[in-house]
Amino acid sequence: QASPLTASNDAKPVSLRQVALLGYAEESRALAEEVSPDTEIWGINAAHYFLRRKAHYWFQLHPRGWATSGGPATGYFGRPKEHFDWLQKFEGTLWLGEPDPDFPNALVYPFAEMTRRFGRDYLTSTFAYQLALALYEHLNGQPIGRLSLFGINLTASEEYAHQRPCA
């Protein structure tokens, strides 16, 4: 049987990735700045407002016309136009919830594949979608040796009741 560090008995060692998921919670989001430089940062929505290092994946899965709780629809994924402008300049992999002509190089998140692979449609937040993609990549030749979560506490009422159980 192959070692977990090799693809087969005579293959080269597999490089294990380090991935950090980044959210908004002030209590721990700054810790993402302290992880090793080779750690992949996977951010969400407008978390780039406080991130001072390079991110590898960025997830903007809300529709363009979405509005934050109690906020107006902006046409920019529920965020100010500066967020939209930042996404257009982002140099990593941008994951969107649907195709968008303003982001021709973005990838559309594989919702159907995640449901097929993991057996049910239960992902309730961007963090859950990030976790599913990390597990999917890990199981499909892009192994992750360490997965860290920063700025993710899901304590607001809607998050706590609906999203936290899934994550």
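Biologist: What percentage of the 167 residues in the protein is buried?
Modeller: The structure is a predicted model, in which local features need pLDDT of at least 70 and side-chain atom pairs count only at pLDDT 80 or more, while totals for chains, interfaces and linings use all residues. Residues are numbered from 1 along each chain as its sequence is written, and side-chain values use heavy atoms, with hydrogens and water left out. Taking buried as under 20% relative accessible area, exposed as over 50% and partly exposed as in between (1.4 Å probe, protein chains only), the buried share of the 167 residues is 37%.

Biologist: In which order do the six strands form the open sheet?
Modeller: The protein has four helices and six strands, both taken as DSSP runs numbered from the N terminus (helices H or I, at least four residues; strands E, at least two). Along the sequence these elements follow the pattern β-β-β-α-β-β-α-α-β-α. Within the sheet the pairing, which requires at least two DSSP bridges between two strands, is parallel, and the order is E5-E4-E3-E2-E1-E6.

Biologist: Which strands are the edge strands?
Modeller: An edge strand here pairs on one side only.

Biologist: Which residue in E2 stands opposite leucine 21?
Modeller: Strand E1, residues 17–22, and strand E2, residues 40–44, pair in the parallel sense over four bridges. In E2, the residue opposite leucine 21 is tryptophan 42.

Biologist: Which helix supplies the largest share of the lining of the second largest pocket?
Modeller: A pocket is an open set of points on a 1 Å grid over the protein atoms alone, where a 1.4 Å probe fits, with protein on both sides within 12 Å along at least five of seven lines, and lining residues have an atom within 4 Å of a point. The lining of the second largest pocket includes Met114, Phe118, Leu131 and Leu135. Helix H2 (111–118) and H3 each supply at least two residues, but the largest share, four residues, comes from H3.

Biologist: Why is leucine 135 classed as partly exposed?
Modeller: Leucine 135 lies in helix H3 and is among the residues that line the second largest pocket. Leucine 135 is classed as partly exposed because its relative accessible area is 39%.
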